[in-house]
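Trainee: Could you take me through one part of this model in detail, please? I would like to look closely at the surroundings of the ligand.

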Amino acid sequence: MMEKGLHNQFWEQGRLGIVVSGSLTKGLEVKLDSATSVEDIAVGRYVTIESERRRFFGMITDVTLDAIDPRLMVTPPDVSDPFIAEVVAGTSTFGRVHVLPELTWGGDAISLLEGPQPVKTVPAHFSVVREASEQDVERVFGQVEEKQFWIGTPLDMEIKVRLDPAKLVERSSGVFGKTGTGKTFLARLLLIGIIQEGTAANLVFDMHSEYGWEGTSAEGRKVKALKQLFPSKIAVFALDEESARRRKVSTDFVVEIGYDDIEPEDIEMLGETLNLTEAAVQAPYRLARHFGDRKWLEGFLALEGREQINELALSLGEHEATLASLRRRLEALRRLRFLVPHARDNPIQRILEYLDRGINVVLEFGRYTDITAYVLVANLLTRRIHTLYRERMERAMGEDIAKPRPLVITIEEAHKFLSPQVATQTIFGTIAREMRKYNVTLLVIDQRPSGIDEEVMSQIGTKITCLLDNERDIESVLTGVSGKSEFKAVLAKLETRQQALIFGHAVPMPVVVRTREYGSPQSYKELGFREAIELKKEAEKEMEDLWG
Amino acid sequence: MFKIGEIIEASTGEFVAQCYELHQPPPFGSLVKTREGEVEIYGVVSGAATTSIEPGRRPIARGRDEAEEEDIYRASPQLAKLLRTDFNALVVGHREGERLHHYLPPRPARVHSFVYLCDPEEVARFSQSFDFLSILVNARGQGSVDELIAACLRHAAQAHQDPRTFLIKVGKELAVLLGGETSRLNTILRRIRE
Ligand SMILES: Nc1ncnc2c1ncn2[C@@H]1O[C@H](COP(=O)(O)OP(=O)(O)OP(=O)(O)O)[C@@H](O)[C@H]1O
Ligand SMILES: [Mg+2]
């Protein structure tokens, strides 16, 4: 009973310490109370700072050890004794944390209505710093309503962090992180958010076939993917029918692409992956003039023997070596069984039909997981679809009719499409840069963001990044973020999986979350999945209610 | 409350009392109190001594032929009357009405005021605040101040429900007060760990 009164200030709930110095741009230095152990502090956590009239909200970005007196380092206390060690922690030696203030609100009625505002000043000296309460965090991120999408929970808290799918699709967004950190799991959740709240139609280029029907966890467990969860809202398109059949995927459409659909531009995009010389990249344009636009590839591949190629080179004024090497490299396309001289159906038309009906399309690559197939198909389809979207958008604006539904295109290995060398030419670079002019945005997934063009990176509205350990990758993800050096520390300290730093357009302030669990029956349910039997019951109940 | 002696010398920061019982001074470092009008003055026992009542005259050894030490006093009962036990206390705070202050009182205690030993409850109440520590830390007295601080804190700890928590918290306060004086801090901490 007496103990409670002991040094009252140290018993205050959640109190961490006091502000001792700092600035708006560089953040605040907070001296921890002696009762607060540095080991209980983690970067990425939220704190509130109480000054006379306002409350500030910020994130811990660094933790430091310090000593009151430098002489202490010369004659250190006898910390081999646990009692002495405990006494000395936080007093003679103490912890400091660095806090980046982000938002602030006042106590008066107007401030309450306005809600949290970006910080324009710093709290006074010795303002008390506390762990943010769940109410504080909810106040910043908003309370998540029944049908609203949330992405995870803040560190050490049980509340839900909302990520606004409407804002997410307004600009391009990115999921980053080194391999195995949870990018795919996160991206799947984001897609579900967009689908559930219906803020855009999705087209997913699914390189490893893990978004459409079924994915696997690191432990080898199967997890449901979009179509299993929302059968009526997803169409699975397959490039590899055989693989789809083997995996028992219910496929909506098998994609074939005709040689006659491949334009010289499509080959140009493969320059890097096929290791083409500059001359070889340009050659298809001449071939197209020679054979005709829709015939050139078939015609070129049909040539037999050295003589025919040399003959053609002569008549085109090309180097023989250039054509020969182009031909050798294009042989790689023959292995792609979905490429046929002439496609029976038009996949672009089909994709658009589904998207127009509000059905999201996942294109599975099956066994074609090599980057050539991926870059070829994603570029080819996106280019055509984007053209159609642009036409529709322009028509909508000219004739004052409804605009096409916003479209989000998801690509993995984004640096292959958006590297500084190709970003200025590829359709993906164009989409990223033109923002949402034509109602098309990207969701890019990449483990090597430093490979993505800087300008494109700066156009990405919402960045969701899991652990990155390469300095250049960290640098590139944080380009243009205020408090960059602070967030570096946060980013480098994320758990190796299922934790992410989110910042940008779709969240009110940067947040570190533990990504919500995905893969358990409960998680599917929370994401809106209904078992067939439940659906039946619900339908029966509705009937009952209807007929009494 | 237990009356143990009477003040024979007093200043603002310190007082000396004679014990009613020979050889029975309050323990080193314990909390005692006395009264000055409406004010109760608290002190920490900082030393005790038993001497001859006549200054300058020292007792002589008498036990050569006795089997037990007690036999010396039994053989010459007047001896006890020739000796006295005094103790010193450092003033560490006072109380006016309900208000406890951990700093020096307005006036010193009066000579011939009674001195009481505080019971554990009072010790616990007094040591809820550590402000009195700075008086002890800065005391220049006879003997080792650090010994006194350690003794006082060991004492106080026993009055609290959870002595270890108390000692850790008070240790932290000391660490701040003693700043860079690591060796002093170490000395005290080694003497108060359980
Ligand atoms: N939200 C989550 N819920 C449950 N498990 C998760 C979650 N996020 C990540 N994991 C676990 O971490 C593993 C790796 O996640 P994921 O496959 O998404 O990583 P990745 O970053 O896409 O890796 P790669 O770069 O190899 O594609 C998953 O298989 C799963 O076991
Ligand atoms: Mg992945």
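Mentor: Helix α6 (residues 183-197) of chain A gives the largest share of the shell around ligand 1, three residues; helices here are DSSP runs of H or I with at least four residues, numbered from the N terminus. This is a predicted model, where local features need pLDDT of at least 70 and side-chain atom pairs count only at pLDDT 80 or more, while totals for chains, interfaces and linings use all residues. Residues are numbered from 1 along each chain as its sequence is written, chains are lettered from A and ligands numbered from 1 in the order in which they are written, and side-chain values use heavy atoms, leaving out hydrogens and water.

In total, 18 residues surround ligand 1, each having a heavy atom within 4 Å of it. The closest are A:Thr179, A:Gly180, A:Lys183, A:Thr184 and A:Ala218. By class, the shell holds three nonpolar, nine polar and six charged residues; Asp, Glu, Lys and Arg count as charged, Ala, Val, Leu, Ile, Met, Phe, Trp, Tyr, Cys and Pro as nonpolar, and the others, Gly among them, as polar.

Now for individual atoms. A:Lys183 places a polar side-chain atom 2.7 Å from an oxygen atom of ligand 1, and a side-chain N or O atom of A:Thr184 is also 2.7 Å from an oxygen atom of the ligand. At A:Tyr518 the backbone takes part: one of its polar atoms lies 3.0 Å from a nitrogen atom of ligand 1. On its own, ligand 1 has 630 Å² of accessible area, and the protein covers 85% of it (Shrake-Rupley method, 1.4 Å probe).

How values were computed. Polar contact = N/O pair within 3.5 Å; in protein donor to acceptor, adjacent residues only side chain to side chain. Helix = DSSP H or I, 4+ residues; strand = E, 2+ residues; numbered from the N terminus.
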